[in-house]
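I opened this notebook to record what I looked up on charged pairs and on the ligand site. The entries follow the order in which I consulted the model.

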Amino acid sequence: MPARTTVLVTGGAGFIGSHTCVELLDHGYDVVVVDDYSNSVPGALERVAKIAARPPVAVHEIDLLDRRALSRVFDEHRVDAVIHFAARKAVGESVELPVEYYDTNVGGTTALLHAMRDHGVHRLVFSSSCSIYGDATKVPLTEADPARPTNPYAASKWLCEQVLADICRHLAGFSVLALRYFNPVGAHPSGLLGEVPRKAVPNNVMPYLARVAAGRLPRLSVFGGDYPTADGTGVRDYIHVMDVAEGHRLALEHLDDEVGMRVFNLGTGRGTSVLELLAAFQRACGRPIPYEVTDRRPGDVPALVADPGAVARAWNWSTARDLDVMCRDAWRFQELNPSGYPN
Ligand code: UFG
């Protein structure tokens with residue numbers, strides 16, 4: 001794709017969206033953001049503009065389900081491609097609010113496809129998740145391994161993938177790349193951009209560790225010490241959010257390699273246990289982090305690790321940032337922004 005093309009980023013103020021906006025702006029793309037700020041704040045986009053030394057060309061505060069407003073965004077901008085992040089993403093919450101999860105995640109995607117089709121925009125990078133593999137029986141996972149979603153969040157992402165694949169089958173010219181991320185963590189190396197969980201007690205392990213290290217929470221609960229893993233704690237494939245952002249920029253550049261739908265894992269291929277992550281975070285922050293091993297968290301699986309081979313072969317690319325860099329950057333963001341972004 002030539003530089004100076006316009007990319008519409010839904011959910012552009014969110015954790016992965018904001019880092020991807022920086023990556024796109026840094027590489028000469030014009031960026032139009034759509035976000036309803038349901039799990040983000042405008043302050044993130046101010047930081048994006050500061051890091052990239054130029055802002056997105058426009059920011060539209062709309063809900064994707066507001067089809068008229070979405071259509072006006074496409075009327076206003078000549079959009080070349082779309083990156084679709086906007087979604088609900090908490091596994092636990094999805095079990096409580098399945099209707100809302102399908103509505104936002106699947107309904108938001110079909111509303112977007114409607115607007116894209118009506119405006120002749122046929123190029124899409126879709127934010128999918130390794131959670132679709134569910135209770136995986138093997139490590140590492142390739143894209144050919146079966147989807148077995150175990151909660152409405154994962155099921156909604158899998159459903160979106162199937163909708164997108166079918167649309168690509170029936171509507172000529174559509175190119176879709178779905179990226180199944182493993183566990184994105186870390187922050188921009190400037191310390192200006194990072195993950196700001198909405199809740200005072202984060203769900204995810206990395207922001208939780210950061211808050212324990214900062215003394216804002218007393219200790220980490222390690223959910224389960226009896227998994228069939230080397231040290232008994234859950235194993236995940238943590239990937240630096242800057243590598244995830246780079247992956248999206250490359251996905252845009254490779255959208256036209258083939259028409260139709262393609263799916264890639266975005267992970268490092270390295271599994272890390274909760275205790276290994278804790279040790280790495282202690283190295284990064286230089287202080288001990290209190291923890292206790294507690295019961296397993298309902299719905300958790302023992303291990304999820306990517307086979308990143310397909311994307312490596314297709315794009316001649318692999319992730320560059322290791323676990324120590326992930327922890328260092330997450331800690332820097334925590335230290336510089338103890339209360340998140342100013343609002
Ligand atoms: N964990 C703890 N203590 C905590 C939080 C987590 O021990 O306080 C453990 C979990 O049991 C798991 C590992 O840390 O073994 C990672 O847990 P996270 O909650 O950070 O991440 P998950 O793997 O559960 O899920 C995350 C996102 C999902 C997404 C999935 C894969 O929350 O939205 O990655 O993309 F689908």
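The entries below cover salt bridges and then the surroundings of the ligand.

**Basis.** I worked from a predicted model, in which local features need pLDDT of at least 70, side-chain atom pairs count only at pLDDT 80 or more, and totals for chains, interfaces and linings use all residues. Residues are numbered from 1 along each chain as its sequence is written, and side-chain values use heavy atoms, with hydrogens and water left out.

**Entry 1: salt bridges.** I searched the whole structure and found 16 salt bridges (a side-chain nitrogen of Lys or Arg within 4 Å of a carboxyl oxygen of Asp or Glu). One of them joins Glu-161 to Arg-180, with N and O 2.6 Å apart. Glu-161 belongs to helix H6 (residues 152-170) and Arg-180 to strand S6 (residues 175-181), so this pair ties together parts 19 residues apart in sequence. Helices (H or I, at least four residues) and strands (E, at least two) are DSSP runs, numbered from the N terminus. I noted Glu-161 as buried at 2% relative accessibility, and Arg-180 as buried at 4%. For these classes, buried means under 20% relative accessible area, exposed over 50%, and partly exposed in between (1.4 Å probe, protein chains only).

**Entry 2: pairs within a helix.** I then looked up Arg-169 and Asp-166, whose side chains form a salt bridge at 3.2 Å, N to O. Both residues lie in helix H6, 3 residues apart, about one turn of the helix. Arg-169 is exposed at 60%, whereas Asp-166 is partly exposed at 33%.

In helix H8 (residues 241-254), I located Glu-253 and Arg-249, 4 residues apart; their salt bridge has its closest N and O atoms 3.2 Å apart. Glu-253 is partly exposed at 30%, and Arg-249 is buried at 11%. Shared partners link Glu-23, Arg-249 and Glu-253 into one network of salt bridges.

**Entry 3: ligand.** Which residues come nearest to the ligand? Of the 21 around it, I listed Asn-204, Ser-221, Arg-236, Arg-297 and Asp-300 (a residue counts if one of its heavy atoms lies within 4 Å). A side-chain N or O atom of Asn-204 is 2.7 Å from a ligand oxygen. The protein covers 90% of the 690 Å² of accessible area that the ligand has on its own (Shrake-Rupley method, 1.4 Å probe). Strand S8 (residues 220-223) gives the most to the shell, with 4 residues.

Terms used
A polar contact is a pair of N or O atoms within 3.5 Å; within protein, one must be able to donate a hydrogen and the other to accept it, and residues adjacent in sequence count only if both atoms are side-chain atoms.
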